[in-house]
Amino acid sequence: MPNDCGWKAVDGFESFADYERVRGSINDQIKAGLAEERRVAKPYSGLETLAERWYRCRASGQIWRLIAPDPPFPGVFEPV
């Protein structure tokens with residue numbers, strides 16, 4: 001699903017450094033006013049123990065979830 005923030009879904013990060021790279025890129029977009037953090041309305045799979053953050057792309061209005069790896073769970077970045 002295309003979006004104006006250039007975000008691409010990740011179904012499992014290769015490493016924690018890979019996760020940090022994606023998170024850093026989103027934070028740069030927030031600083032530039034292109035995206036904003038949103039409150040997590042419904043946790044992933046109902047799990048509140050995961051480090052989950054939601055972001056909204058201002059250009060498209062799409063909301064995405066970013067979840068840090070928590071082995072054995074590899075983390076995700078995907079549209080909500």
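**View 1. Asp18 lies in helix H1.** This is a predicted model, in which local features need pLDDT of at least 70 and side-chain atom pairs count only at pLDDT 80 or more, while totals for chains, interfaces and linings use all residues. Residues are numbered from 1 along each chain as its sequence is written, and side-chain values use heavy atoms, with hydrogens and water left out. Asp18 has a relative accessible area of 18% and is therefore buried, a word that stands for under 20% relative accessible area with a 1.4 Å probe and protein chains only. The side chain of Asp18 is joined to that of Arg21 by a polar contact of 2.8 Å (a pair of N or O atoms within 3.5 Å, one able to donate a hydrogen and the other to accept it). Although Asp18 and Pro69 are 51 residues apart along the chain, their C-alpha atoms are separated by 9.9 Å.

**View 2. The largest pocket is lined by residues that include Arg21.** Its volume is about 150 Å³, that is, the space filled by probe spheres set on the grid points. A pocket is an open set of points on a 1 Å grid where a 1.4 Å probe fits, with protein on both sides within 12 Å along at least five of seven lines, and a lining residue has an atom within 4 Å of a point. Gly6, Trp7, Lys8, Val10, Arg21, Val22, Ser25, Ile26 and Phe77 form this lining, which divides into 5 nonpolar, 2 polar (Gly counts as polar) and 2 charged residues. Helix H1, residues 16-31, gives the most to the lining, with 4 residues.

**View 3. The whole chain comes to 1 helix and 5 strands.** Buried residues make up 35% of the 80 residues in the chain.

Note on methods
Helices (H or I, at least four residues) and strands (E, at least two) are DSSP runs, numbered from the N terminus. Buried means under 20% relative accessible area, exposed over 50%, partly exposed in between (1.4 Å probe, protein chains only).
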